[in-house]
Amino acid sequence: MKKSSSKKRRHVVAWVNKAEWDQVLDHLYSSDPALQRFALQRVSAWRGRYAHNTPVAVDCTADLVRGQVLDRSGQLSGDDLVLLYGAALVRFVNLITERQQGRKARPLRRLAGKLNIPEWVVDLRHDFTHKKLPTLKWCRKGCKAVLEWLQQEYWSRQLGGGAEEDWESESDGEEEDGELKRQESDLLSRQKEMEVYKAARDFLISYERERYQSLDGPQEDRGLAPLADMSWLLGEIKQLSLDSSDLLVDVLLEDGFLVPTVEQLETLGCDPFETSGSSEPRVPQPFLRFWLPLLKMLNSPSFIHLLLEKLFVELKVAAAEQTDLRVFYLSAWASELLLCNSNKFEFHFERKTQKKARMKDRIFMNRIQLQWQQLLSACLDAPCGSTPHLLQLILDDMEHPLPQDTQQKLLQLCSIYTQTPAVEFSLPRQQKHQPIYTLESLQETQRQQLRRSGERSESSADLQRLDALAEKAKMLRGSPWQVCSDKVLWKNFPLGKVPGQSADPSSLMVETYSTMTVCEQPVEMESSRGHNAPGVPGPARATEGLIWNQSDVNRLKCGLKLF
């Protein structure tokens, strides 16, 4: 129930009418960057009309939306975006709480609490001004929360009246009890989330510190800190994974943990540039053993599945940003987890010592029931150079595999899209696709296809035809002639013509030929006489032998017909 208010005072505004106000509001909170840019241009026009009296909320909203537009455009690096978001969030907290300050300075937390501003937003402002810069993820989260606060506390309230900023006064009591409780609940949950996030980072940093200290020991013990000294720390991380596994995985996938920095790789003796561009990534053994104690302790099925899903989500972002080192290690960890769950590399005849050495570097031993359809979709949604390899691992290990034809098409499409060499499709040995280089290999492939098709009535005749063609091709090897393997009904073509031949007689002309006069005709023997064709004049007898005279040749030419 709204409390009664005195007659509202009239004042001048910068927008033309309510329609322009509504349009700018809709465009500012749109997900289309083009519409947001248009709204920012209108706000710039308002600032020109207002001079120095632009409402603080309008200024803050424009600063934050401008950061979102530049973030979505991909024109700025991560560090530049952090500074841009940081400036907008610091201005918001300072300007909104400025009018609440009296003659004596009061803490910002108390002032922000009276205005229902989340305390963790004030903490972000404090980190920007006094501590280490927050991550880009928390900057985006802070921008989203502040824009929601501005929409609720300023923009939505102006729809019912003028542009007064009564939301800044301490005596604002128009909020309903249910809304206040919801905001308090959201505030407490966000505060708890921030505390858990900081605790997760502190625990993982402590874990890394303990592991690095072991590098100062003997050469054979490097990277193998005694687990007894870390039992309390591992127990705390285990409990954290049970309470807030999502946040723990988010921290693990940040740079400096499962995705190492160049300095960390050099400390562990790994070449940071050796593995770039690999289509089948694997985590280097020193770095894998560095994290094995922690990952073996966190190897519950739910945690492994969550880690795999978030690996693919982060891989999609990293591939779009083209950060090669991050893409490689995200792909490598996904490959390690999928290989641990696969039975592909089980050897039944190896010795116990060999099996023990192989199992030493596995994150978990027993097979886990994963949600394969979700993993398949997540893998295809994050295309990169190693996607065909990861896709092959998923297809090989699925509980209910896709049809083999579908698997092969998926792998081929994935290789084409990522512009990587095609992965060899893992069919049974008798069905593996072999490259066709010769006629014999083509015939062998056709024989295998006929055997698999089950066409018993026609397979025998087809095989005999193939054998006959192979024998004829062998006899004609080295000759300019070749066997026609096409099925042609030769009865439809007259003698001397072939399919596709032109009806123009000039097509039968040879490129080079020589002429011969009548006198140069060879002399026929006496025995050839009497064998002339009907209607063809016989040769005249002369002292030199039997030759054709000119009239005989003319009559021969007139009697010739084409086909």
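Biologist: Leaving aside residues up to four places away in sequence, which residues does tryptophan 333 touch?

Modeller: Keep in mind that this is a predicted model. Not counting residues up to four places away in sequence, tryptophan 333 touches Leu258, Val283, Phe287, Leu288, Trp291, Leu295, Leu311 and Ile363. The setting for those contacts is the largest nonpolar core, which has 121 residues, and Trp333 is, with Trp291 and Leu294, one of the three that touch the most other members. As a general background, nonpolar side chains tend to be buried together in soluble globular proteins.

Now for a helix that packs in the neighbourhood of α13 and α14. Helix α17 (residues 387-397) has 11 residues, and 10 of them are buried, so the rest of the structure largely encloses it. The buried ones are Thr387, Pro388, His389, Leu390, Leu391, Gln392, Leu393, Ile394, Leu395 and Asp397. They pack against α13 (301-321), α14 (324-340), α16 (372-380) and α18 (404-418).

Aspartate 381 forms a salt bridge with lysine 316, with the closest N and O atoms 3.1 Å apart. Aspartate 381 sits in the loop between α16 and α17, while lysine 316 belongs to helix α13, so this pair ties together parts that are 65 residues apart in sequence. Both partners are partly exposed: aspartate 381 has 43% relative accessibility, and lysine 316 has a relative accessible area of 42%.

Of its 41 lining residues, Thr135, Leu136, Lys137, Glu254 and Asp255 are the closest to the centre. The elements giving two or more residues to the lining are α4 (78-98), α6 (119-130), α7 (136-158), α8 (177-213), α13 and α14. Helix α8 supplies the largest share, 6 residues. By type, the lining divides into 18 nonpolar, 6 polar and 17 charged residues.

Back to salt bridges: there are 18 in the whole structure. One of them joins the side chains of glutamate 20 and arginine 42, at 2.9 Å from N to O. That pair links distant parts of the chain, with glutamate 20 in helix α1 (residues 18-28) and arginine 42 in helix α2 (residues 33-50), 22 residues apart. Glutamate 20 has a relative accessible area of 9%, which makes it buried, whereas arginine 42, at 22% relative accessibility, counts as partly exposed.

Another bridge stays within one helix. Arginine 66 pairs with aspartate 63, and their closest N and O atoms are 3.5 Å apart. The two are 3 residues apart in helix α3 (residues 56-73), so about one helical turn separates them. The reason that spacing works is plain geometry: an α-helix has 3.6 residues a turn, so residues three or four places apart point the same way. Aspartate 63 is buried, with a relative accessible area of 15%, but arginine 66 is partly exposed at 29%.

Conventions:
Residues are numbered from 1 along each chain as its sequence is written. This is a predicted model: local features need pLDDT of at least 70, side-chain atom pairs count only at pLDDT 80 or more; totals for chains, interfaces and linings use all residues. Side-chain values use heavy atoms; hydrogens and water are left out. Buried means under 20% relative accessible area, exposed over 50%, partly exposed in between (1.4 Å probe, protein chains only). Helices (H or I, at least four residues) and strands (E, at least two) are DSSP runs, numbered from the N terminus. Contact means heavy atoms within 4.5 Å. On a 1 Å grid over the protein atoms alone, a cavity is a set of points where a 1.4 Å probe fits but cannot get out, and a pocket is an open set with protein on both sides within 12 Å along at least five of seven lines; lining residues have an atom within 4 Å of a point. Ala, Val, Leu, Ile, Met, Phe, Trp, Tyr, Cys and Pro count as nonpolar, Asp, Glu, Lys and Arg as charged, and the others, Gly among them, as polar. A salt bridge is a side-chain nitrogen of Lys or Arg within 4 Å of a carboxyl oxygen of Asp or Glu. A nonpolar core is a set of buried Ala, Val, Leu, Ile, Met, Phe, Trp, Tyr and Cys residues joined through side-chain atoms within 4.5 Å.
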